[in-house]
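Colleague: Can you talk me through this one? I have a few quick things to ask.

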Amino acid sequence: MDIRLVQGDITEQDVDAVVNAANSSLLGGGGVDGAIHRAGGHEILEECRALRASSYGKGLPAGQAVATTAGKLPARWVIHTVGPVYSTNEDRSETLASCYRESLRVAAELGARSVAFPAISTGAYGWPAEDGARIAVRTTRDSSVTVGHVRFVLAGERMYEIFERALAETGTAP
Ligand code: ADP
């Protein structure tokens with residue numbers, strides 16, 4: 001699988017599917033979630049509401065992923081996944097890895113050939129950036145499901161460099 005890094009805005013990516021670092025309500029929030037709903041328009045929210053009503057009355061559990069239209073975004077689909085909130089008492093790494101794995105599974109099911117990921121859980125959910133990057137890169141590299149191209153879209157230079165190091169550490173060519 002071709003893994004690349006981009007410094008930029010996830011809403012501007014010309015890929016088949018963009019992954020949203022959603023919250024379990026599926027009704028929008030801050031950070032990536034807010035940006036995707038703002039740029040993508042009301043269609044995304046309407047589909048999220050319908051999903052909530054039909055399947056996720058209690059919210060989408062952390063580590064799972066579900067797809068909607070991408071509305072006005074250049075992408076065809078948004079894959080919503082809920083990252084775990086970082087905890088110092090409990091190791092939630094497997095849930096974070098599951099976000100990447102499940103998003104890739106949903107992407108492959110849809111027939112997406114290119115997927116853009118944000119650094120899930122490293123914003124409002126407080127995950128330490130280095131560790132979040134390592135989990136993102138390893139899980140994607142080791143995924144049994146492959147799509148042609150995976151792009152990590154990092155909001156700033158610092159996060160870009162952290163992902164660069166994580167790629168180098170895991171022996172994945174950038
Ligand atoms: P979470 O709640 O999963 O922590 P956030 O959206 O708060 O999700 O943040 C996840 C990461 O995405 C953070 O590193 C944040 O800096 C970054 N980010 C915020 N907005 C964007 C954007 N428009 N495009 C790409 N990355 C973004």
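Predicted model: local features only at pLDDT ≥ 70, side-chain atom pairs only at ≥ 80, totals over all residues.

Colleague: Fine. How many helices and strands does the protein have?

Modeller: There are five helices and six strands. Along the sequence the pattern reads β-β-α-α-β-β-α-β-α-β-α.

Colleague: What box do the C-alpha atoms fill?

Modeller: Along the principal axes, roughly 40 × 40 × 30 Å.

Colleague: What share of the residues is buried?

Modeller: Buried residues come to 44% of the 174. As for contacts with a separation of 6 or more, 73% of them join residues 24 or more positions apart.

Colleague: On to the core. Which residues of the largest nonpolar core touch the most other members?

Modeller: That core has 52 residues, and the ones touching the most other members are Ala17, Val18, Val78, Ile79, Val115, Phe117 and Phe163. Helix 3 gives the most to this core, with six residues. As background, nonpolar side chains in soluble globular proteins tend to be buried together.

Colleague: Take Ile79. What does Ile79 touch?

Modeller: Leaving out residues up to four places away in sequence, Ile79 touches Ala17, Val19, Asn20, Ala65, Ala67, Ser103, Val106 and Ala107.

Colleague: Why does Leu26 count as buried?

Modeller: Because Leu26 has 25 C-beta neighbours inside 10 Å, and the cut-off for buried is 20 or more.

Colleague: Which other residue has a positive phi although it is not a glycine?

Modeller: Ser121, with a phi of about 70 degrees. Ser121 lies in the loop between strand 5 and helix 4.

Colleague: Is Ser121 buried or exposed?

Modeller: Ser121 counts as buried, because it has 27 C-beta neighbours inside 10 Å. Beyond residues up to four places away in sequence, Ser121 touches Ala21, Gly83, Pro84, Tyr86, Leu96, Trp127 and Gly132. Of these, Ala21 is also among the residues that come nearest to the ligand.

Colleague: How far is Ser121 from Glu109?

Modeller: They are 24 Å apart, C-alpha to C-alpha, and twelve residues apart in sequence.

Colleague: Last one, helix 4. What does it span, and which residues in it are buried?

Modeller: Helix 4 covers residues 129-142, and its 14 residues reach 20 Å from the first C-alpha to the last, close to the 20 Å expected at 1.5 Å a residue. Gly132, Ala133, Ile135, Ala136, Val137 and Thr140 are buried.

Colleague: What covers the buried residues of helix 4?

Modeller: The cover includes strand 1 (2-7), helix 3 (93-110), strand 5 (114-117), strand 6 (149-154) and helix 5 (157-169).

How values were computed
Residues numbered from 1 in each chain as written. Helix = DSSP H or I, 4+ residues; strand = E, 2+ residues; numbered from the N terminus. Expected span 1.5 Å × (residues − 1). Buried ≥ 20, exposed ≤ 12 C-beta atoms within 10 Å, placed from the backbone. Contact = placed C-beta atoms within 7 Å. Near = placed C-beta within 6 Å. Core = buried A, V, L, I, M, F, W, Y, C linked by C-beta atoms within 7 Å.
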